[in-house]
Amino acid sequence: MITMERLGLFGGTFDPPHNGHIFVAQSALDQAQLDWVLFVVAGQPWQKVGKQEVSPAEDRCHMTSLLIQSYARMSLSRAEVDRSGPSFTIDTLEEMSGEDREVFLIVGADAAAGIPSWHRASEVVSASHLLIAPRPDCAEDFRELGTLGAQYTMLDMAPVDLSSREIRRRCAGGESIDHLVPAPIGDYIKERGLYGSP
């Protein structure tokens, strides 16, 4: 009997990664009985082009590796960073899929609501089971996902009231982020002068 590997893909810009990401990943690991969670750092996040300045991919990869370094079942994937062109989730799903592997896509409720606008959205939902993390600012209305035939599970966890945007704002304003990111990430942000930090 072949045992199916249960792989969670947690994609994002991770600009910067923070403690909330760990909370979501750990909840997904435990509740969906995943073997691994891969943090997939977006190389060229197409939905943010022209809308938001994004830090260099190498900085985001390094910070993500710092975030997960002490967690045994969490790894960094450079699949989208090393791939040329815009970062499309379906390309990563096709790369990671296999006959002996079940793939789960870990997303926040805000991102889940936007999946119908993604590149090849119907193929994204047919290639994965969605694990959706609640967000305090997002109502749970996924009717459009249902029309795509998506299979999804809401993670049973408190909404994560923390965002990379808030951390960037705090850095720019000289406010502390000590309780929002692990110390090595805070040190790296200061060393690199990211987000307008002193």
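This is a working chat about a predicted model.

Trainee: What should I know about the model before we start?
Mentor: It is predicted: local features need pLDDT of at least 70, side-chain atom pairs count only at pLDDT 80 or more, and totals for chains, interfaces and linings use all residues. Residues are numbered from 1 along each chain as its sequence is written, and side-chain values use heavy atoms, with hydrogens and water left out.

Trainee: Okay, H129. Where does H129 lie?
Mentor: In strand β5, residues 129-133. Strands here are DSSP runs of E, at least two residues; helices are runs of H or I, at least four; both are numbered from the N terminus.

Trainee: Does H129 count as buried or exposed?
Mentor: Buried, because its relative accessibility is 17%. The cut-offs are under 20% relative accessible area for buried, over 50% for exposed, and partly exposed in between, with a 1.4 Å probe and protein chains only.

Trainee: Which side chain joins H129 in a polar contact?
Mentor: That of T153, at 2.7 Å. A polar contact is a pair of N or O atoms within 3.5 Å; within protein, one must be able to donate a hydrogen and the other to accept it, and residues adjacent in sequence count only if both atoms are side-chain atoms.

Trainee: And what else does H129 touch?
Mentor: Leaving out residues up to four places away in sequence, H129 touches V103, F104, L105, Q151, Y152 and T153. Contact means heavy atoms within 4.5 Å.

Trainee: Switching to S163. Where is S163 found?
Mentor: In the loop between β6 (152-154) and α8 (164-172). S163 counts as buried because its relative accessibility is 18%. Its side chain reaches the backbone nitrogen of E166 at 3.1 Å.

Trainee: On to α8 itself. Which residues of α8 are buried?
Mentor: S164, I167, R168 and C171. They sit on the same side of α8, because they cover an arc of only 100° around the axis. That arc is taken from the directions from the helix axis to the C-beta atoms.

Trainee: What covers the buried residues of α8?
Mentor: The cover includes α1 and α9. Just after α8, G174 takes a positive phi of about 75°.

Trainee: Now the packing. How many residues has the largest nonpolar core?
Mentor: It has 38, and L34, V37 and F39 have the most contacts inside it. α2 (57-68) is among the elements that each supply at least two residues. A nonpolar core is a set of buried Ala, Val, Leu, Ile, Met, Phe, Trp, Tyr and Cys residues joined through side-chain atoms within 4.5 Å.

Trainee: Last topic, aromatics. How many aromatic pairs are there?
Mentor: Four. The rule takes rings of Phe, Tyr and Trp (its six-membered ring) with centres within 6.5 Å; planes under 30 degrees apart are stacked, over 60 edge-to-face, the rest tilted.

Trainee: Why is the pair of F10 and F14 edge-to-face?
Mentor: Because their planes are at 85°, with the ring centres 5.7 Å apart. F14 and F39 make a tilted pair, 5.5 Å centre to centre and 40° between the planes. F10, F14 and F39 form one aromatic cluster.
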